[in-house]
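Q: Hello! I'd like a close look at the aromatic rings in this protein and what surrounds them, please.

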Amino acid sequence: EDDCIPNTSFFKFADVLLKKYFKNKKIMGISGSSFYNDNEIKKDTYFFTRIASTWGFALWKRSWDSFDRNITGVERFYDSDYAKTLFNSTHIKDYWFDKFRFSKKNNLKFGWEYIFAYSVFKNKGLFIYPKKNLISNIGHQGVHKIEKDSGLLFNKTHKISKINHPKLIEPNKKIEKLEFDHHLRMNYGYFKRFNKLLKKYLYL
């Protein structure tokens, strides 16, 4: 996208990992964006998460083939045991499924990234995130405008010279919680929950 500016080392990072995980169908994509630093990650250059990030990313054809434009089985997935363990609160779960339903209703006119995220969730896939950010989003200048005070724009990028691979392939749930919470605050908000309560008690 025209509003995502990569550090040049992102291309080497993506190339190495595309080759390394080519046969591992559980790994569905490689992001260049990283907004949260886990100080417990000392030597590893990257980590895994179940949340797809499409601000500067690389993937395989097999991953894009899983893109479920019809978002089939969304209500069944909402009630699944996996969804219950994936999302760390009902509010966060409802936020994501509101996005899925909205994308389905609008027939891909909005929110293709949420449809892809649904495909990753549904297939129990993983995304790779770099420990240090490799992508700067200039959203309010590009096609896809984002609020300037979102805290996500013009982030500094870093150069990766050496790639150290993690020993285990498992999601970093600490980072996931931060990511889920941030999505909730930025997009879903507490105002929507407040309005629901207001309507309930005022019988509106």
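To begin, which residue lies over the face of W60, and how far is that residue from the ring centre?

A: R62 is the residue over the face of W60, at 4.2 Å from the ring centre. A charge sits over a ring when NZ of Lys or CZ of Arg is within 6 Å of the ring centre and within 35 degrees of the ring normal. This is a predicted model, in which local features need pLDDT of at least 70 and side-chain atom pairs pLDDT 80 or more, while totals for chains, interfaces and linings use all residues. Residues are numbered from 1 along each chain as its sequence is written, and side-chain values use heavy atoms, without hydrogens or water.

Another charge is found at Y21: the charged end of K20 sits over this ring, 5.6 Å from its centre. Y21 also has an aromatic partner. Rings of Phe, Tyr and Trp (its six-membered ring) pair if their centres lie within 6.5 Å, with planes under 30 degrees apart called stacked, over 60 edge-to-face and the rest tilted. That rule gives 25 aromatic pairs. For Y21 and F48, the centres are 5.9 Å apart and the planes stand at 90°, so this pair is edge-to-face. It joins distant parts of the chain, 27 residues apart: Y21 is in the loop between α1 and β2, and F48 is in strand β3. Helices (H or I, at least four residues) and strands (E, at least two) are DSSP runs numbered from the N terminus. Buried means under 20% relative accessible area, exposed over 50% and partly exposed in between, with a 1.4 Å probe and protein chains only. Y21, at 5%, is buried, and F48, at 2%, is buried too.

Y95 and W96 make an edge-to-face pair as well, with 5.6 Å between centres and 75° between planes. Both of these residues are buried. They belong to a cluster linked by ring pairs, whose members include F77, F87, F97, F100 and F121.

Beyond its neighbours within four places in sequence, F87 is in contact (heavy atoms within 4.5 Å) with I92, K93, W96, F97, F121 and F180.
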